[in-house]
Amino acid sequence: MKKYILLLAAALILPANAKALNITDPFFMPAQGQIISDTSLGFTNNAFKLDKSWGLYESLSAGFRDNLMIGLSFGWADIKHEDSGLQDIAIYGKYRFMNEISHGRFLDLDVYFSPKMFDSPFNGDEGAAKGSTDFAMHGTIGSTSLLDNFTLGSRFGFKYMSSTDAMSAGSVWDLTGLAKYYWDDYNSFGFSLGLKGYFGFEEDFFGFAFGIDYSREIIQDRFALTPYYNIEKHTKDVTTSAVWGLNARYLF
């Protein structure tokens with residue numbers, strides 16, 4: 001009898017280990033006591049508020065419980081024909097309601113808050129900050145079991161931006177599908193396809209977004225590099241925007 005109990009325990013443990021997520025997976029979360037560092041060098045030709053610019057960004061995400069993550073992000077940007085300066089600090093968190101190992105799927109709630117802190121061209125100052133106080137909330141559901149070698153998911157939520165001297169308040173709503181394909185244990189490709197609605201600001205308009213990235217684990221389960229490219233086409237003659245760069249992720 002004891003032998004059968006041990007075999008059953010092994011059968012339950014092995015699938016759990018097999019489902020351990022790659023550190024670049026959309027549903028990866030640090031366990032309690034772990035910290036993720038994301039360091040990015042990013043460029044854009046016409047980002048909303050950042051216009052044509054480049055910047056350096058850092059995010060630190062800590063696992064407070066196995067289903068709770070809290071993080072802090074900050075950065076610096078140089079806007080062409082404007083100025084350069086610090087980006088406003090953001091505080092964010094993720095709470096996991098369902099885990100795939102026990103429920104068959106992931107279900108996460110993400111929240112984000114970034115107060116107006118540094119000088120912004122949107123308030124008639126030098127600098128490169130956004131000039132507004134922002135709040136965001138998104139829900140994400142997904143699974144790694146629907147297709148072999150794939151993580152699939154979808155996200156829905158909004159981001160609210162308060163008014164500045166140059167722009168009225170508004171919100172951005174988005175519905176995005178996510179996919180990540182694993183070529184092998186070290187190489188993977190990510191894809192996203194989304195619909196965004198911009199409401200308020202100067203006028204309402206919509207955006208159609210597509211993103212692609214490639215991740216290479218340099219040190220398995222510890223360090224990875226991810227070059228990425230995202231493009232967004234808009235209605236009402238709002239200029240198409242693209243964002244690209246390189247992110248380095250390290251798990252402490």
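Analyst: Phe135, Phe156, Phe158 and Trp173 make up one aromatic cluster. Pairing here requires ring centres of Phe, Tyr or Trp (its six-membered ring) within 6.5 Å; planes under 30 degrees apart are stacked, over 60 edge-to-face, and the rest tilted. The model is predicted, with local features needing pLDDT of at least 70 and side-chain atom pairs pLDDT 80 or more, whereas totals for chains, interfaces and linings use all residues. Residues are numbered from 1 along each chain as its sequence is written, and side-chain values rest on heavy atoms, without hydrogens or water.

In total, the structure contains 14 aromatic pairs. One of them joins Phe150 and Tyr181, whose ring centres are 5.0 Å apart and whose planes meet at 45°, so this pair is classed as tilted. Phe150 belongs to strand 7 (residues 150-161) and Tyr181 to strand 8 (residues 170-182), so the pair links distant parts of the chain, 31 residues apart. Strands are DSSP runs of E of at least two residues, helices runs of H or I of at least four, both numbered from the N terminus. Phe150 has 25% relative accessibility and counts as partly exposed. Tyr181 also has 25% relative accessibility and is likewise partly exposed. That class lies between buried, under 20% relative accessible area, and exposed, over 50% (1.4 Å probe, protein chains only).

The largest nonpolar core has 8 residues: Phe27, Phe28 and Phe106, together with Leu21, Ile23, Ile36, Ala224 and Leu251. Apart from this core lies another, of 7 residues, including Phe122, Met161, Val172 and Phe201. In soluble globular proteins, nonpolar side chains tend to be buried together. Within the largest core, Leu21 touches Phe27, Phe28, Phe106 and Thr144, with residues up to four places away in sequence left out. A contact means heavy atoms within 4.5 Å.

Tyr92 is an aromatic residue with a polar partner. Tyr92 sits in strand 4 and, at 16% relative accessibility, counts as buried. The side chains of Tyr92 and Ser61 are joined by a polar contact of 2.6 Å. Such a contact is a pair of N or O atoms within 3.5 Å, where within protein one must be able to donate a hydrogen and the other to accept it, and residues adjacent in sequence count only through two side-chain atoms. Beyond four places in sequence, the residues in contact with Tyr92 are Ser59, Leu60, Ser61, Met69, Ile70, Gly71, Leu72, Ser73, Val111 and Tyr112.

Ser61 lies in strand 2 (residues 51-65) and is buried, its relative accessible area being 5%.

Gln87 is buried, at 12% relative accessibility. A polar atom of the Gln87 side chain is 2.9 Å from the backbone oxygen of Ala128. Thr151 is 64 residues from Gln87 in sequence, and their C-alpha atoms are 32 Å apart.

Asp221, in the loop between strand 10 (205-219) and strand 11 (223-234), has phi near 65°, a positive value in a residue other than glycine. Asp221 is partly exposed, with a relative accessible area of 45%. Asp237 lies in the loop between strand 11 and strand 12 (241-251); its phi is also positive, about 60°, although Asp237 is not a glycine. With 79% relative accessibility, Asp237 counts as exposed.

As a whole, the protein has 2 helices and 12 strands. Their order along the sequence is α-β-β-β-β-α-β-β-β-β-β-β-β-β. The C-alpha trace spans about 75 × 35 × 30 Å along its principal axes. Buried residues make up 40% of the 252. Of the contacts between residues at least 6 apart in sequence, 50% join residues at least 24 apart.

Terms used: Core = buried A, V, L, I, M, F, W, Y, C linked by side-chain atoms within 4.5 Å.
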